Every structure is written in structure tokens, then in C-alpha cells.
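Good morning. I will go through one structure today, taking the helix contacts, then the aromatic pairs, then the pocket. Please have a look at it before I start.

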Amino acid sequence: MDENAFWQLIEDCRPSEPDPDAEVLAATLTERLAQSPLPLVIGFAEQLSWALYRLDRKEYGRDLSDDAFLYTRAAVVAAGRTEFDCVLQDPAAFTPYATALIWAEPLLYAPDQAYERITGEEWDRDTRYSYESCSNAEGWAD
């Protein structure tokens, strides 16, 4: 899955109604991914990790716990490509997510749940980029 396909899938699955914790988005993504070939699920997980990794920088997360920072970055991704690109261009655009603690934790589990539904096995996911907070050494360098 390339980056454009990733963002299109996010957009296609985003609900039209408010989805404060991205629960509807995550459920819809899980459903769509579970009906897809396994390589698409793996590709989605790779693109999700890459997007979260790109937001893993000190100018965004210095005042948040590791979990809060991860879930807040997920909320930026859940908001879609336009918002994601805006935040990458202007770290101040991340502030409302951090101060209001807008989280999208369920988004993190969508590929794992789809994988398990397809294979019947739990996924020991190992993506090229870690989405865990503070794993982007370049983003946290002084």
C-alpha cells in the first residue's frame, strides 16, 4: 500500500458524524481491512507507523506522557491527510490536539484486529518504523 492509498482509505472510512475517539473510524477500517488481502493489511500498518513516526518529534510531544503523545498523534492521522500535512508544516497546529487531549487510540489496533480476523492468529507486528513515542531519534535530537 502506498501513501496515497493509505490516506484514501482513511478518508473513505472516516464517518461524517463526530467520532471523538476514532472508534467508528477504527471499526470501519478494521472491517475494510479484514475483507482485503493480507498484504494490504500489512501495508496499512506500515503506512500508519510511518505517519506516526513522522509526528514523533520533540516540538509536538515535550509536555505529554508517552501514551498521551502516541494517542494524540493517532488523532492527527485520524483527522486525515490535510490535517496531518498541516501539522507537519506548522507544529502549532498540533497544540489543540495536545491541550484538549484528543486521542484516537483505537486506530492503532485496526490492522492487528484485521490481521487476526484474516489469519485466526494474533499478529506480532514488526513494522519498519516504530510508532512508539520517542522512537524517532532524529525528531528528538537537540
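Start with helix 1, residues 3-13, and helix 3, residues 38-54: their axes come within 10 Å of each other and cross at roughly 90 degrees. Angles of 65 to 115 degrees count as roughly perpendicular, so helix 1 is roughly perpendicular to helix 3. Keep in mind that this is a predicted model.

Which residues make that contact? From helix 1 there are Glu3, Phe6, Trp7, Leu9 and Ile10. Helix 3 brings Phe44, Gln47, Leu48, Ala51 and Arg54. Sorted by class, the contact of helix 1 with helix 3 has seven nonpolar residues, one polar and two charged.

Next, another crossing. Helix 5 covers residues 66-78 and helix 8 covers residues 105-119; their axes come within 7 Å and cross at roughly 75 degrees. Helix 5 and helix 8 are therefore roughly perpendicular to each other as well. On the helix 5 side, the residues in contact are Leu70, Tyr71, Ala74, Val77 and Ala78. They meet Glu105, Leu107, Leu108 and Tyr109 of helix 8. In the contact of helix 5 with helix 8, eight residues are nonpolar, none is polar and one is charged.

Now the aromatic rings. How many aromatic pairs are there? The count comes to twelve. One of them joins Tyr53 and Tyr129, with 4.8 Å from centre to centre and 45 degrees between the planes, which makes the pair tilted. Tyr53 lies in helix 3, while Tyr129 lies in the loop between helix 8 and helix 9, so this pair ties together parts that are 76 residues apart in sequence.

Last, the empty space. Rolling a probe the size of a water molecule over the atoms shows where such space is left. The largest pocket has a volume of about 200 Å³. Its lining consists of 16 residues, and those nearest the centre are Arg14, Asp19, Ala22, Ala78 and Ala79. What classes make up the lining of the largest pocket? Twelve of its residues are nonpolar, none is polar and four are charged.

That is the end of my part.

Technical notes
Residues are numbered from 1 along each chain as its sequence is written. This is a predicted model: local features need pLDDT of at least 70, side-chain atom pairs count only at pLDDT 80 or more; totals for chains, interfaces and linings use all residues. Side-chain values use heavy atoms; hydrogens and water are left out. Axes are lines fitted to C-alpha atoms, for helices over the stretch in contact, and angles run from 0 to 180 degrees between N-to-C directions. Helices (H or I, at least four residues) and strands (E, at least two) are DSSP runs, numbered from the N terminus. Angles under 35 degrees count as roughly parallel, over 145 as roughly antiparallel, 65 to 115 as roughly perpendicular and the rest as oblique. Contact means heavy atoms within 4.5 Å. Ala, Val, Leu, Ile, Met, Phe, Trp, Tyr, Cys and Pro count as nonpolar, Asp, Glu, Lys and Arg as charged, and the others, Gly among them, as polar. On a 1 Å grid over the protein atoms alone, a cavity is a set of points where a 1.4 Å probe fits but cannot get out, and a pocket is an open set with protein on both sides within 12 Å along at least five of seven lines; lining residues have an atom within 4 Å of a point. Grid points are joined across faces, edges and corners, and a volume is the space filled by probe spheres set on the points. Rings of Phe, Tyr and Trp (its six-membered ring) pair if their centres lie within 6.5 Å; planes under 30 degrees apart count as stacked, over 60 as edge-to-face and the rest as tilted.
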